[in-house]
Amino acid sequence: MSESATHLRIIEETPAYWRVVFDNPPLNIMGAAMFEGLQDLLARIDASPNLRVVVFESANPEFYIAHFELTAESLGLLKIAGPSGLPILMDAFVRLTRSPIVSIAKIRGRVRGVGSEFVLACGMRFASRENAVLAQVEVGAGVHPGGGTERLPPLVGRGRALEIILGANDFDGATAERYGYVNRALPDSELDGFVDVLARRIASFDRRPIEAAKNLVNRVSLPSADRLLDGLNSFTAALTWPESQRRFQALFNRGLNRPGEMENRFGELLGTLLET
């Protein structure tokens with residue numbers, strides 16, 4: 001059974017296993033509408049006691065989640081509280097990490113900025129070896145990450161986290177796997193089958209031990225909500241810096257939010273963003 005939310009399609013493979021497809025053409029940019037869809041999805045998850053596993057994927061094989069949408073409406077998510085009491089941008093990701101269900105990101109296409117922070121909030125990440133690109137591009141855009149990149153250092157280590165964040169460049173699936181950014185990078189032809197088999201296997205187990213085991217891992221691997229909130233508040237302040245305004249304008253001049261070279265080669269082009 002398939003049902004639609006705002007820019008999310010929910011496919012109920014079984015009562016215990018759902019697939020959620022991001023479908024916000026042309027680039028799957030993550031803004032207010034997509035976060036509204038995530039809020040609706042999380043409410044449905046909370047109301048589904050038989051659910052065990054949710055796999056997140058993209059309808060666009062070139063863009064999993066491009067980045068955050070820099071509009072007044074979407075920036076308002078930094079101030080409006082969600083059900084947890086945290087700002088909605090944080091709320092959705094924190095509730096996903098705390099949920100008793102297992103979340104799996106099946107990554108095909110580009111996942112940058114807040115998209116990277118979303119997949120970091122998922123319990124597991126599996127990527128196409130040929131067609132996955134991951135990046136935290138914020139420093140190259142004049143700000144710093146604010147949506148939960150604190151989850152990255154425990155996965156990859158301090159040095160590699162600094163390389164990813166400060167270098168603000170694209171990482172292919174094979175390198176992401178070697179660094180620990182993703183669990184595995186698989187040949188594109190094998191990705192769907194591998195994730196489906198794993199999801200169905202976990203979905204066949206009882207929910208109580210899944211939830212208990214996930215809680216044990218969460219206790220030793222996740223940053224506190226207070227630490228995440230400090231990062232988000234700092235990101236909000238960074239949006240007002242003169243240098244960030246200058247770089248944002250250069251990004252829009254280069255074609256940000258529009259299909260084309262800027263979005264395709266985002267990480268690479270940040271190194272020459274202000275050159276004339």
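How many residues does helix α1 (residues 32–46) have, and how far does it reach from its first C-alpha to its last? I counted 15 residues and a reach of 21 Å, close to the 21 Å expected at 1.5 Å a residue. The expected span here is 1.5 Å times one less than the number of residues in the helix.

**Ground rules.** I am working on a predicted model, where local features need pLDDT of at least 70 and side-chain atom pairs count only at pLDDT 80 or more, while totals for chains, interfaces and linings use all residues. Numbering starts from 1 along each chain as its sequence is written, and side-chain values use heavy atoms, with hydrogens and water left out. Helices (H or I, at least four residues) and strands (E, at least two) are DSSP runs, numbered from the N terminus.

**Helix α1 again.** I checked which residues are buried, meaning under 20% relative accessible area; exposed is over 50% and partly exposed is in between (1.4 Å probe, protein chains only). The buried list for α1 includes Ala32, Phe35, Leu38, Leu42 and Ile45. I kept in mind that an α-helix has 3.6 residues a turn, so residues three or four places apart point the same way.

**Ser99.** I looked here next, in the loop between α3 (88–98) and β6. Ser99 counts as buried because its relative accessibility is 6%. Not counting residues up to four places away in sequence, Ser99 touches Ile45 and Lys214; contact means heavy atoms within 4.5 Å. Ile45 is one of the buried residues of α1.

**Strand β7 and its partners.** I call two strands paired if DSSP finds at least two bridges between them.

- β6 (residues 102–112) runs parallel to β7 (residues 124–135), with 8 bridges between them. Ile104 stands opposite Met124 in β7.
- β9 (residues 184–186) also runs parallel to β7, through 3 bridges. Here I found Ala127 opposite Ala185 in β9.
- β8 (residues 171–172) is antiparallel to β7 and joined by 2 bridges. Val133 stands opposite Asp172 in β8.

Which hand does the unit made by β6, helix α4 (residues 114–121) and β7 have? I got a right-handed β-α-β unit. Right-handed means that, with the strands pointing away from the viewer, the path from the first strand over the helix to the second runs clockwise.

**Asn264.** I placed Asn264 in helix α12 (residues 261–264). With 33% relative accessibility, Asn264 counts as partly exposed. Leaving aside neighbours within four places in sequence, Asn264 is in contact with Phe63, Arg110 and Arg112. I also took the C-alpha to C-alpha distance to Asp196: 28 Å in space, for 68 residues in sequence.

**Asn233.** This one sits in helix α10 (residues 225–238). Asn233 is partly exposed, at a relative accessible area of 45%. The C-alpha atoms of Asn233 and Asp192 are separated by 37 Å, and the two are 41 residues apart along the chain.

**Whole chain.** The C-alpha trace spans about 60 × 40 × 35 Å along its principal axes. Buried residues make up 54% of the 276. Of the contacts between residues at least 6 apart in sequence, 70% join residues at least 24 apart.
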